Each structure stands twice: as structure tokens, then as C-alpha cells.
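Here are some notes for a first look at this model. Please read them with the structure open.

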Amino acid sequence: MRASDIKQIGIVGAGTMGSGIAEIFAESGYDVIWYNRSDAGMQRGFARIRENQATLIRNGILTQTAAEAAQAHLHPTNDLIDLAPADVISESIVEALETKQKLFQSLDEICAQETIFTTNTSGLSISKIATVVSHPTRFAGMHYVNPAHIVPIVEIIKGEKTSDTTCELLMDVAKRIRRHPVLVKKDIPGFIANRIQFAVIREALHLVEEGIASPDDIDAVVKHGIGLRWALLGPLEIADLGGLDVFNTICSYLFEALSHAKDAPKVLQDLVKAGKLGVKSGSGFYDYSARKAQQIIADRDKKLLRMLRIKFQSEE
Ligand SMILES: NC(=O)c1ccc[n+]([C@@H]2O[C@H](COP(=O)([O-])OP(=O)(O)OC[C@H]3O[C@@H](n4cnc5c(N)ncnc54)[C@H](O)[C@@H]3O)[C@@H](O)[C@H]2O)c1
């Protein structure tokens, strides 16, 4: 099968990620068979897509006509059997190995041999999930970053048995839905994006816990300093620009001083125990009680879209 042969996409899950991924494929003209176990969850998924599209329309990225055309490509179902004709399946259900394995075991019985299975797991082993399917050569990680309908990167992760052909096909599919795919050649926890992101989060939490600076100031250093560069330059390009001899010297004394924590820091555990889960509960490191989550997300998306526009212009 070639990417040009792919017509029908199966999306499993209608939560934050499943909705975003269903939206991307539908907006790229693919027919999407969209499964969620509950109808109520599916309704929330559709509402999320409508909100996403409203932000895209307000920011001049999408027209009302294109949004409606995309919605017509979405075919919801709560019956897994309806996924049988899908050429490629993208799974975004709860992050639990056994639940994902159970799902793929059922899909393996339902779908054709040629069907490509992909999981959007944030860090579970692709190879372990794939043990339940009869053709693990056609099973890979295809990992998006939230908000998936805006952030272009997609990691294609090669499991122990994933074939090169499957990886090449998925790289091609990702380009056809206007994403920027990268190949992760080995199935390691966290792949690339979450390894880098969580190395930074571990250090940020460590700085809060040690009382070195306030959460506000730590976030300011990223937003108004190093993060500003990261939108345009990767860490290795930054090292090249700074001088590798300089970076070599800094590594030699600084690595030892960085957090080597193996567990989530107490400051994070305490917030979670207190029910302070961030935007969704109204407070976390900051207080969000005066604003609705929906508005905070729309503001975030508006800023991301503006930044993307500048980024693309700078790369032209
Ligand atoms: N949220 C993120 O930033 C993010 C980013 C990349 C990848 N992911 C990964 O994507 C996946 C989904 O994350 P999310 O943030 O969309 O979660 P979510 O909680 O928003 O949605 C979870 C979905 O899973 C379904 N579900 C839950 N239990 C199920 C079961 N037993 N059987 C079938 N369906 C079930 C729910 O109905 C819902 O549609 C996870 O593997 C997560 O690690 C999340």
C-alpha cells in the first residue's frame, strides 16, 4: 500500500487528542471513521472540533465552508466493527498498556491484514502494545503534540518489529496532512518530544521545590528567554551558534548540579493530592478561577497560530 492509496482513516478515541487528530485528517479531505465508546464522549469530541475550527476561522486559517466540508468527512460510531474498512488506524485512548492491547486485539480481528495500526501513546512501549497483533510489521507509534490540530510535529516511532515500509508510508501520510514528521528509530520511553519536555519540567519543578525562584519567574525565563529561541532553533543549533567548546565546558560542571530525581517531586504530588490539577480544576501553579478553560484554550491557540505564521514567514 502507498500513501496515495489511503482513503479511509480510523480514529479511536474522542478525547483531547482523538478530536484534534480526527480534525486534521478531515480537514485534509480524508474520510474519517471515528470511534468512541460513549455517545456523550463523541458529542464532546464534536464540540471540541467546532471550538477548534471557530478559533481557526477567527484567525483567518480556515473558512466556514471548509470547516463544514471537514465535518461532513467525520463518520462517528460506537461500534468497533465499523472500523473494518479503515486503511490506517490512529489510537488515542487512555494511557494504559492493557487497555490499548485489548483494543488492538479486537481491531486485529476486525480489520484487513494490510491495515496499518498506529498508537498516539505518550511513552508506552510501541513494541509491547504491538505484541497482541498478528502483523507487528504494520504497527508503529504516530505521536502528535497537543493541540494536535495546530502543532505540526508528528513523531513516527519504529517498534522492534515495525518495517521500514510502514515507517516510510506513515511519514508520507503525515506530510499529506500538512504535518512535520520525524522518524524515531528506536522505541524508547518518551520518544524525543517528551524526553526533552520532561527533562525541562523536572528541572523547573526542582527549582520551585528548592525555592530558587517563583513559578512565575521560572516560566518567564522560558517565555522571554530560552523558549523564544526554541521556536526557531533547536538545542543543537543553539549549541553550534554558542560554540561547542563553551557548551562542553558548561556540561562538565553543570550536569552534576542538575536534578536527577527519579520520582515526581513532592511539590507536584502535593498539588495533585489537593485536587489542584491546573486549568481543568481552576488552579494549579496559578489561579484560573476567573476564566473558563475554553477561553484559556482559545487564547493559547490564537497565540500559537500567530507564532506559527511568523515562524513560517521567517523560514520562507
Ligand atoms: N493530552 C496530551 O497532551 C497528549 C499528547 C500526546 C499524546 N497523548 C496520548 O493520547 C492518548 C489520549 O490522551 P487524551 O489526552 O486525548 O485523553 P482524554 O482523556 O482526553 O481521552 C481519552 C479517550 O479514551 C477513551 N477511553 C478511555 N478509556 C477507554 C477504554 N477502556 N476503552 C476505549 N476507550 C477508552 C475515552 O472515551 C476518551 O475518548 C493517551 O495515550 C495520551 O498519553 C496525550
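Helices and strands are DSSP runs, numbered from the N terminus; a helix has at least four residues and a strand at least two. The model discussed here is predicted.

1. Start with a loop. Thr162 sits between β7 (153-157) and α6 (164-176). Is Thr162 buried or exposed? Its relative accessible area is 4%, so Thr162 is buried. The Thr162 side chain makes two backbone contacts to look at. One is with the backbone oxygen of Phe139, at 2.7 Å. Another is with the backbone nitrogen of Gly159, at 2.7 Å.

2. Turn to the ligand. It is surrounded by 19 residues, and the closest are Met17, Asn36, Glu95, Lys100 and Ser122. By type, the shell holds five nonpolar, eleven polar and three charged residues.

3. A nitrogen atom of the ligand lies 3.3 Å from a polar side-chain atom of Arg37. An oxygen atom of the ligand lies 2.5 Å from a polar side-chain atom of Glu95. The side chain of Ser122 has an N or O atom 2.6 Å from an oxygen atom of the ligand. On its own, the ligand has 830 Å² of accessible area, and the protein covers 71% of that. Elements α1 (16-27), α4 (97-110) and β6 (139-144) each give two or more residues to the shell.

4. Next, salt bridges. The model has seven salt bridges. One of them pairs Lys100 with Glu95, at 3.8 Å from N to O. Lys100 is buried, at 1% relative accessibility. Glu95 is partly exposed, at 39%.

5. Look at helix α11 (residues 266-273). Asp270 and Lys266 form a salt bridge, with their closest N and O atoms 2.7 Å apart. Why are they about one helical turn apart? Because Asp270 and Lys266 are four residues apart in this helix. Asp270 is partly exposed, at 33% relative accessibility. Lys266 is exposed, at 54%.

6. Another salt bridge links Asp299 and Arg291, with the closest N and O atoms 2.5 Å apart. Asp299 is partly exposed, with a relative accessible area of 25%. Arg291 is partly exposed, at 42%.

7. Finish at the surface. Val246, Phe247, Ile250, Tyr253, Leu254, Phe255 and Leu258 make a nonpolar patch of about 600 Å². Tyr253 belongs to helix α10 (residues 244-254). With a relative accessible area of 54%, Tyr253 is exposed.

Definitions and conventions:
Residues numbered from 1 in each chain as written. Predicted model: local features only at pLDDT ≥ 70, side-chain atom pairs only at ≥ 80, totals over all residues. Heavy atoms only, no water. Patch = residues over 30% accessible without salt bridge, like charges linked within 9 Å, V, L, I, M, F, W, Y side chains within 5 Å. Areas by Shrake-Rupley, 256 points an atom, 1.4 Å probe, with all protein chains shown as cover. Salt bridge = Lys/Arg side-chain N within 4 Å of Asp/Glu carboxyl O. Buried < 20%, exposed > 50% of the residue type's maximum accessible area, 1.4 Å probe, protein only. Near = heavy atom within 4 Å. Polar contact = N/O pair within 3.5 Å; in protein donor to acceptor, adjacent residues only side chain to side chain. Nonpolar A, V, L, I, M, F, W, Y, C, P; charged D, E, K, R; others polar.
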